[in-house]
Every structure is written in structure tokens, then in C-alpha cells.
Amino acid sequence: AEGGAWRSPEEMYEYAVGQVKGGNPKKGRETLGAFVSRYPDHKLVPNALYWKGESYYAEKDYENAILSFQDLVDRYPAADKPPDAVYKQGLSFLALRDTKNAKILLELVVSKYPKSGAAELARKKLAEIR
């Protein structure tokens, strides 16, 4: 389904995420961007923004990952992806050797989204870096 001959928005989204996971983050990110602009009101838009952040993270472009994840948190605070996004921001700061900001974000995941899977991961990571 190259060049936009998608049967459904979902198919386009799945393809994009598959690219990010499968080792072509740039291609995945381009498709995610196209998905968001073509279907701005689709329920998968918050997830698409999350995977955009993951695509930068996969490329070790941690600054852009942090900004992308923040875009999701700012625009869709009530979606189910923000806890994961804030957690990945923490990991991004760790990768940049900025332990101070990493801790702040990981602690934020725990305090703001205590029941999330991301909070569990954040607790483990905090125990490692203390």
C-alpha cells in the first residue's frame, strides 16, 4: 500500500507503526505525519503522536523524541498514551546523561499516573538510578 492506497485509516496507522518497530523509523514517521494530517479527528491520533516520538527515540534523536512526546501530552492529556510518553521522556533524558531531568519525569509518571503500567516501569528505573 505504497503512496497512500490505504483501505482504511487503521491500515495506514498499522503500516506506519510497523515501520517504526521494524527498523525504518523515518518512513514510519513520515506515514504517521500523513495519517495525522489526513485524519486529524481519528481516535488513533494520540497513538500516532506517541509512535512519532518512538521513531525519534529509535534513531537515538532524544531531543526530538522529548519534544514529540511532549506534543502528545499537551494535546491529548486524557488519552491512554501520556504515561508511556512521559516515561519515554525520562528514558530520553537518561540517554542524554541528564539524570536530574530524568528523575523529575520518572517521578512525575509515578505521581501523576500511579495506576499505569508506565508507573511500574518508572519505579524500577528510579530504583536503578538513585
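# Helix packing and salt bridges in a predicted model

Leaving aside residues up to four places away in sequence, Arg75 touches Val36 and Leu49, where contact means heavy atoms within 4.5 Å. This is a predicted model, in which local features need pLDDT of at least 70 and side-chain atom pairs count only at pLDDT 80 or more, while totals for chains, interfaces and linings use all residues. Residues are numbered from 1 along each chain as its sequence is written, and side-chain values use heavy atoms, with hydrogens and water left out.

- Arg75 has its place in helix H4 (residues 62-75), helices being DSSP runs (H or I, at least four residues) that are numbered, like strands (E, at least two), from the N terminus.
- With a relative accessible area of 43%, Arg75 is partly exposed; on this scale buried means under 20% relative accessible area, exposed means over 50%, and partly exposed lies in between, using a 1.4 Å probe and protein chains only.
- Gly33 is 42 residues from Arg75 along the chain, and the C-alpha atoms of the two are separated by 15 Å.
- Ser55 belongs to helix H3 and is buried, its relative accessible area being 0%.
- When residues up to four places away in sequence are not counted, Ser55 touches Val20, Pro25 and Arg29.

**Packing of H3 against H5**

- Helix H3 (residues 45-58) and helix H5 (residues 82-95) have axes that come within 10 Å and cross at roughly 15°; axes are lines fitted to C-alpha atoms, for helices over the stretch in contact, and the angles run from 0 to 180 degrees between N-to-C directions.
- That angle makes H3 roughly parallel to H5, since angles under 35 degrees count as roughly parallel, those over 145 as roughly antiparallel, those from 65 to 115 as roughly perpendicular and the rest as oblique.
- The crossing of H3 and H5 is left-handed, a term used if the near helix is turned anticlockwise from the far one by less than a right angle, whereas clockwise is right-handed.
- On the H3 side Tyr50, Glu54 and Tyr57 meet Asp84, Ala85, Lys88, Leu91 and Ser92 of H5.
- The residues of this contact of H3 with H5 divide into 4 nonpolar, 1 polar and 3 charged, with Ala, Val, Leu, Ile, Met, Phe, Trp, Tyr, Cys and Pro counted as nonpolar, Asp, Glu, Lys and Arg as charged, and the others, Gly among them, as polar.

**Packing of H5 against H7**

- H5 also packs with helix H7 (residues 117-129), at an angle of about 20° and with the axes 9 Å apart, and H5 and H7 are therefore roughly parallel to each other.
- The crossing of H5 and H7 is left-handed.
- From H5, Pro83, Asp84, Tyr87, Leu91 and Leu94 meet Ala118, Leu121, Ala122, Lys125 and Ile129 in H7, and by class this contact of H5 with H7 has 8 nonpolar, no polar and 2 charged residues.

**Salt bridges**

- The count comes to 8 salt bridges, each being a side-chain nitrogen of Lys or Arg within 4 Å of a carboxyl oxygen of Asp or Glu.
- Glu54 and Lys88 meet through their side chains in a salt bridge (3.1 Å, N to O), and this pair links distant parts of the chain, with Glu54 in helix H3 and Lys88 in helix H5, 34 residues apart.
- Glu54 is buried at a relative accessible area of 11%, and Lys88 counts as buried at 13% relative accessibility.
- Glu30 forms a salt bridge with Lys26, in which the closest N and O atoms are 2.8 Å apart; both residues lie in helix H2 (residues 25-38), 4 residues apart, or about one turn of the helix.
- Glu30 is partly exposed, with a relative accessible area of 47%, and Lys26, at 48% relative accessibility, also counts as partly exposed.
- Lys81 forms a salt bridge with Asp84, with the closest N and O atoms 3.7 Å apart; Lys81 is buried at a relative accessible area of 17%, whereas Asp84 is partly exposed at 24%.

**Loop residues with positive phi**

- Most residues other than glycine have a negative phi.
- Lys60, found in the loop between H3 and H4, has a positive phi near 60° and counts as exposed at 60% relative accessibility.
- Arg97, found in the loop between H5 and helix H6 (99-112), likewise has a positive phi near 60° and is exposed, with a relative accessible area of 75%.
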